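Please study the structure shown below and then work through the exercises. Each task is followed by a solution in steps.

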Amino acid sequence: MSLLSFAEAAARCGVSEMTIRRRVRDGSLPEIKVGARPRVRLSDLARLYPDVFSGARLPAGPCRVLAFANQKGGVGKTSTCANLAAALARSALVLCVDCDPQGNLTQALGAHPDHLEVTLYNVLLERLPLERVTIRPLPALPNLSLAGANLDLASADHQLAGAVAREMRLRQALEAHLTAYDYILIDCPPSLGLLTLNALTAATEVIVPVDMGVFSLRGVAKLMDTIAEVRAVNPGLTRVRALSNRADNTNLSQDVSAELARGFGDDLFRASIRRSVRIGEAQAARLPLPLYRPKDPAAQDFLDLSEEVRHAQA
Ligand SMILES: Nc1ncnc2c1ncn2[C@@H]1O[C@H](COP(=O)(O)OP(=O)(O)OP(=O)(O)O)[C@@H](O)[C@H]1O
Ligand SMILES: [Mg+2]
């Protein structure tokens with residue numbers, strides 16, 4: 001049974017917390033007590049706000065938290081995160097978390113980083129509840145939510161440096177939301193700093209996009225070392241998989257693919273993302289590729305990837 005706080009319920013339905021309280025008072029929304037804390041059932045909310053939930057379903061099982069990490073810049077972390085999220089959100093409840101001060105994921109999903117009054121920065125630094133910064137950026141994908149970021153987040157590394165358990169902040173912020181989503185997708189910045197550490201510490205799985213044109217085995221080995229260290233505090237991180245991005249028919253791409261397969265074995269996705277100018281175009285148009293050009297072959301790659309993700313055991 002999925003239970004939500006009043007604030008979470010309000011965020012999910014796009015109404016004020018006051019409205020939720022009123023519905024509880026007038027009896028149309030049963031209150032469930034968890035200790036002293038008042039909660040409501042997700043299924044009762046869905047009954048009360050059918051429009052919000054139409055076409056959507058309630059989370060089917062434990063939430064999977066996928067971090068997109070590679071300290072190398074420009075390998076496809078953000079485009080994979082945004083487009084996989086859009087593909088998954090056709091049939092699942094998905095929360096995207098932009099953990100990169102560049103705010104590229106926020107933009108790719110249609111929001112304007114500079115227009116956001118509160119962002120992940122306020123969650124990590126001021127412990128603002130996540131639902132306060134969560135928006136639904138794309139009307140065409142009502143199952144897709146976003147906790148956005150902008151340049152404010154750039155000072156997080158520095159400001160958190162002396163804090164106790166500083167790598168746990170995101171994990172703690174997500175904890176109350178694991179019952180509300182099927183998938184939480186976290187886009188990491190191109191570094192192994194504190195923001196990426198927060199994402200890895202919150203994750204149950206890591207996806208490592210690898211650029212088939214400029215593969216660096218040494219870079220991936222360093223990421224794997226960091227992940228091994230994170231596993232000591234996050235034993236729930238069960239799987240790390242590589243994804244071939246910008247794949248084409250060149251010898252280089254095929255050599256890199258063979259090398260990745262040797263290194264990752266079953267943990268290399270069978271799906272790969274081909275090189276396509278439409279991916280950049282979609283990002284510039286602030287739309288996920290499956291919405292921008294559903295018939296583009298690369299959009300099909302993301303759908304194939306989403307099927308593989310859905311069916312794989314974490
Ligand atoms: N398969 C692809 N084909 C063509 N262009 C791509 C492909 N994947 C990504 N790109 C483009 O490459 C650029 C970098 O991609 P993206 O922003 O997803 O990488 P990133 O790893 O998130 O970068 P950063 O490390 O800066 O966060 C973008 O302009 C994107 O549109
Ligand atoms: Mg990025």
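**Exercise 1.** Are α5 and α15 roughly parallel or roughly perpendicular to each other?

*Solution.* This is a predicted model, in which local features need pLDDT of at least 70, side-chain atom pairs count only at pLDDT 80 or more, and totals for chains, interfaces and linings use all residues. Residues are numbered from 1 along each chain as its sequence is written, while chains are lettered from A and ligands numbered from 1 in the order in which they are written.

Step 1. Locate helix α5 (residues 77–88) and helix α15 (residues 297–311), whose axes come within 9 Å and cross at roughly 70°. Helices are DSSP runs of H or I with at least four residues, and strands are runs of E with at least two, numbered from the N terminus. Axes are lines fitted to C-alpha atoms, for helices over the stretch in contact, and angles run from 0 to 180 degrees between N-to-C directions.

Step 2. Apply the classes: under 35 degrees is roughly parallel, over 145 roughly antiparallel, 65 to 115 roughly perpendicular, and the rest oblique. Therefore α5 and α15 are roughly perpendicular to each other.

**Exercise 2.** Which residues of α12 are buried?

*Solution.* Step 1. A residue is buried if 20 or more other C-beta atoms, placed from the backbone, lie within 10 Å of its own, exposed if 12 or fewer, and partly exposed in between.

Step 2. In α12, Ser253, Val256 and Leu260 are buried. They lie on the same side of α12, because their arc (of directions from the helix axis to the C-beta atoms) is only 65°.

Step 3. On the face turned away from this buried side, α12 carries the exposed residues Asn251, Asp255, Ala258 and Arg262.

Step 4. Just after α12, Gly265 has a positive phi of about 55°.
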